[in-house]
Each structure stands twice: as structure tokens, then as C-alpha cells.
Amino acid sequence: MTKRRWIIIACVLGAASAAIALRPYWSETQVATKGAQRPRVVSVDLVKAVRKPIPVDVDAIGMVTPISSVALKSRLETTIVDVHFEDGARVKQGDLLFTLDSRQIDAQIAQAEGNLARDRAQLAGAERDLRRYNELIGKGATTQVNLDNAKTQADILAGTITGAQSALDNLRVQKSFTAIRAPFSGRLSAANVKIGNFVRPADTAPLATINQMAPVYVTFAVPQRVLVDLRDAMKSGATKVVATIPGSSRSEEGKVAMVENTVDATTGMVTVRGVMDNGNEMLWPGTLVNTKLTVRTEEAVAVPTVAVQRSQSGNFVFVIKDGAARIQPVTVSRTFMGESVITDGLAGGEDVVTDGQLLLSEGTRVEPRSRKAGA
């Protein structure tokens with residue numbers, strides 16, 4: 001055996017002896033380190049389960065419809081002499097919109113007034129004759145026949161005056177049709193006729209259309225299962241309808257005006273109509289809107305929806321008791337504005353985990369995370 005091989009053997013034996021000598025020290029160090037390890041603690045976000053009044057809502061798609069909509073038409077065969085509004089203008093009740101040619105009617109009115117004046121003059125003469133025959137019959141200077149004829153003539157002229165007055169009134173009504181006014185406040189469409197157009201009652205196209213803008217109806221359909229609660233809410237005056245235009249954060253609030261008297265047998269839905277003040281004209285007739293109908297308000301426990309976990313056995317939340325996570329099965333009836341309504345499993349006031357659930361199991365030690373400034 002060479003000298004070099006003896007040196008290698010001596011080094012190996014020396015290393016083995018050192019390892020045997022240090023083995024008790026390493027064992028004691030490992031035991032001490034294991035004894036000093038702390039159980040794992042998970043940082044989580046917590047929130048209180050709150051018992052509070054929560055409205056019961058029904059969401060639906062609705063359409064805005066005007067309460068009143070009138071197609072303006074001419075009641076005479078004549079021409080347009082003036083248009084007093086701009087297309088799409090907002091008008092008030094009684095505002096003058098169109099003026100029609102009234103010259104022919106004015107002439108007829110003048111003729112009727114002349115006839116009426118003639119008949120009144122004739123009646124005055126007949127009444128004088130009647131008084132004169134009454135005086136003469138008392139003196140025996142005339143016959144009863146003359147008196148009767150005078151009375152008949154006066155009665156005939158009185159009837160003639162009544163007919164003439166009626167004819168004059170009718171012409172004045174016809175004259176009023178030459179000035180077309182707004183029947184209610186609203187907003188006009190574009191005018192279909194301009195100055196000089198000939199119009200008549202048989203025309204199918206209206207002169208213009210006026211829609212009432214405030215208030216307006218919002219019509220939508222709800223499931224028949226909410227009909228009983230909805231009718232109870234209508235009796236107490238507690239209904240509320242909120243209409244929001246898709247893509248907009250602005251909304252209009254109103255109440256239920258009517259419920260259709262029949263449920264659609266093919267869909268199981270019932271039509272509901274809400275009335276909105278719409279003072280700022282945010283809701284435009286024909287617009288599709290998202291509607292939220294509140295039928296009642298009930299006391300319930302609510303937690304953020306992110307706190308509810310799902311498993312094969314059902315929904316559950318992690319509740320913190322004595323610094324440890326506990327699995328609490330819950331029953332969720334519905335969600336409302338990012339919160340889950342709990343009907344069973346929580347009484348309110350419990351600390352519920354909203355973030356960090358993936359690291360938790362039954363009995364895991366937790367500590368609440370500190371909120372950052374401004375959070």
C-alpha cells in the first residue's frame with residue numbers, strides 16, 4: 001500500500017470520528033428548534049354579519065311609455081297659414097301650434113249674424129203686434145183670430161231665432177278649429193306639414209304628435225309569484241319602482257300605478273305599470289330601462305357575497321371564534337347589492353372572513369389584517 005493511499009484512509013477515519021463526536025450536539029439543537037416552532041397563523045380580512053332591513057326586489061326590463069299621446073289633425077278642409085313651434089319643441093297646455101285659413105268660416109259667421117239680427121227684428125215687430133191685439137181684444141175692436149195669429153207669428157219667430165243662434169254657435173265652433181292648440185303639456189314631434197299645405201279630416205298622417213313627458217309610465221313584467229306581495233304593498237302604499245337607463249348611473253324613482261288584471265298563461269308573467277315624475281325628462285318614450293320593483297322590506301342577516309363559500313355539502317362561511325376559523329354552514333336566500341341574505345346559520349354580529357379563505361380549514365389560527373390608510 002502506497003503512502004498516498006494511507007493518507008486518504010486517515011482523512012476518512014478522521015471525518016467519521018468528528019461526525020460521531022458532534023452527533024449529540026446536532027440532535028439537541030434540532031429538538032430545541034422544533035420545540036420553538038409556532039403554529040401557522042393566517043392573515044385574513046374580517047367583517048361583521050349585520051342584521052338589518054333589506055328590501056325584497058324584483059329586476060325586470062321595462063319600456064317607457066307616455067301617459068298621453070295625441071296625433072294632431074285638422075277638423076276642417078283648409079290650408080295651413082302659420083306654424084307656431086319648432087320641431088321637437090316643448091310646449092305647455094293651451095299653446096297655439098297651427099293656424100288654419102278661416103276666411104270662409106268668417107264669412108259664414110257674418111252671414112249667420114245678419115240672419116240672426118233680422119229674425120230678432122221680426123220677433124220684436126211680432127211682439128208689438130201681439131201687445132196691440134191684446135189691447136184691442138179688450139176693447140172689442142178685433143177678433144180672437146187676429147190675436148191668435150199674432151201670437152203664432154211671435155212663436156214662429158222665436159223658434160227661428162233659436163235656430164239661427166244655434167247655427168251661429170256651430171260656425172263659431174268651426175272657427176275655433178282653425179286654431180290648433182296643445183291639449184296638454186309635453187314635447188312635439190317634427191311637423192309633417194308646413195305653411196301652405198292643404199289639410200282635411202280624412203288625412204291619415206297627423207299634422208304632428210305630442211307626447212306627455214312628465215309624468216311617464218314604465219311598463220314591465222314580473223313573475224306571478226310576487227303578485228300577492230305586490231298587491232299587499234299597493235294597499236299600504238309601500239311600492240317603489242326604480243328605472244335606470246342601461247349604461248347610465250342616473251335613475252328615476254316612482255311607484256306602481258296599476259297591475260294588469262290577467263297573468264299571461266304562456267309565460268307566467270304579469271304586466272305592471274309604474275308612474276315616474278320624470279321632471280328632468282331623463283326617461284324618453286320608447287326607451288328600454290332596467291327596472292327594480294320593491295315589494296316589501298324584511299329583517300335579515302346579510303354578509304358580503306365574497307364571504308360565502310360553496311362545497312358539496314352546501315354553502316358555508318368561515319366564522320372566527322377565539323382566534324380560530326370555524327366552518328359555519330349557512331342558507332342563502334338571495335343576493336342584494338353585493339350582499340348575501342342569510343336565512344339560517346348566522347344570528348348577526350359574528351366575525352366572518354371575506355378574504356384569505358383558501359388558506360383556512362377548521363381550527364386554523366387567524367389574525368385580522370390591519371387596514372391601510374385610506375382603505
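Visitor: Is Q174 buried, exposed or partly exposed?
Guide: Q174 is partly exposed, because its relative accessible area is 23%. The cut-offs are under 20% relative accessible area for buried and over 50% for exposed, with partly exposed in between (1.4 Å probe, protein chains only).

Visitor: Before we go on, what sort of model is this?
Guide: This is a predicted model, where local features need pLDDT of at least 70 and side-chain atom pairs count only at pLDDT 80 or more, while totals for chains, interfaces and linings use all residues. Residues are numbered from 1 along each chain as its sequence is written, and side-chain values use heavy atoms, with hydrogens and water left out.

Visitor: OK, back to Q174. Where is Q174 found?
Guide: Q174 is in helix α3, which covers residues 144–176. Helices here are DSSP runs of H or I with at least four residues, strands are runs of E with at least two, and the numbering goes from the N terminus.

Visitor: And what does Q174 touch?
Guide: Leaving out residues up to four places away in sequence, Q174 touches L76 and I105. Contact means heavy atoms within 4.5 Å. Also, Q174 and S102 are 72 residues apart in sequence, with their C-alpha atoms 9.0 Å apart in space.

Visitor: What about V145, buried or exposed?
Guide: V145 counts as exposed, because its relative accessibility is 52%. V145 is found in helix α3 too. From V145 to Y133 it's 12 residues in sequence and 9.9 Å in space, C-alpha to C-alpha.

Visitor: Zooming out, how many helices and strands does the chain have?
Guide: The chain has 4 helices and 22 strands. Of its 375 residues, 31% count as buried. If you take contacts between residues at least 6 apart in sequence, 76% join residues at least 24 apart.

Visitor: Which residues are closest to its centre?
Guide: Of the 14 lining residues, the closest to the centre are V56, D57, V58, R334 and T335. The elements giving two or more residues to the lining are β2 (50–66), β15 (288–304) and β19 (331–336). β2 gives the most, with 4 residues.

Visitor: How does that lining divide up by residue type?
Guide: You get 6 nonpolar, 1 polar and 7 charged. Ala, Val, Leu, Ile, Met, Phe, Trp, Tyr, Cys and Pro count as nonpolar, Asp, Glu, Lys and Arg as charged, and the others, Gly among them, as polar.

Visitor: Let's do rings. How many aromatic pairs are there?
Guide: The count comes to 2 aromatic pairs. Rings of Phe, Tyr and Trp (its six-membered ring) pair if their centres lie within 6.5 Å; planes under 30 degrees apart are stacked, over 60 edge-to-face, and the rest tilted. One of the pairs is F85 with F98, edge-to-face at 5.3 Å centre to centre and 85° between the planes. F85 is in the loop between β4 (78–83) and β5 (90–91), F98 is in strand β6 (residues 96–100), and they are 13 residues apart. Both F85 and F98 are buried.

Visitor: And why is the pair of F316 and F318 edge-to-face?
Guide: Because their planes are at 85°, with the ring centres 5.5 Å apart. F316 counts as buried at 14% relative accessibility, and F318 is buried at 5%.

Visitor: Last one: which residues does the cis peptide bond join?
Guide: A214 and P215, with omega about -5°. P215 lies in the loop between β10 (208–211) and β11 (216–223).

Notes: 1 Å grid on protein atoms, 1.4 Å probe; cavity = no way out; pocket = protein on both sides within 12 Å on 5 of 7 lines; lining within 4 Å.
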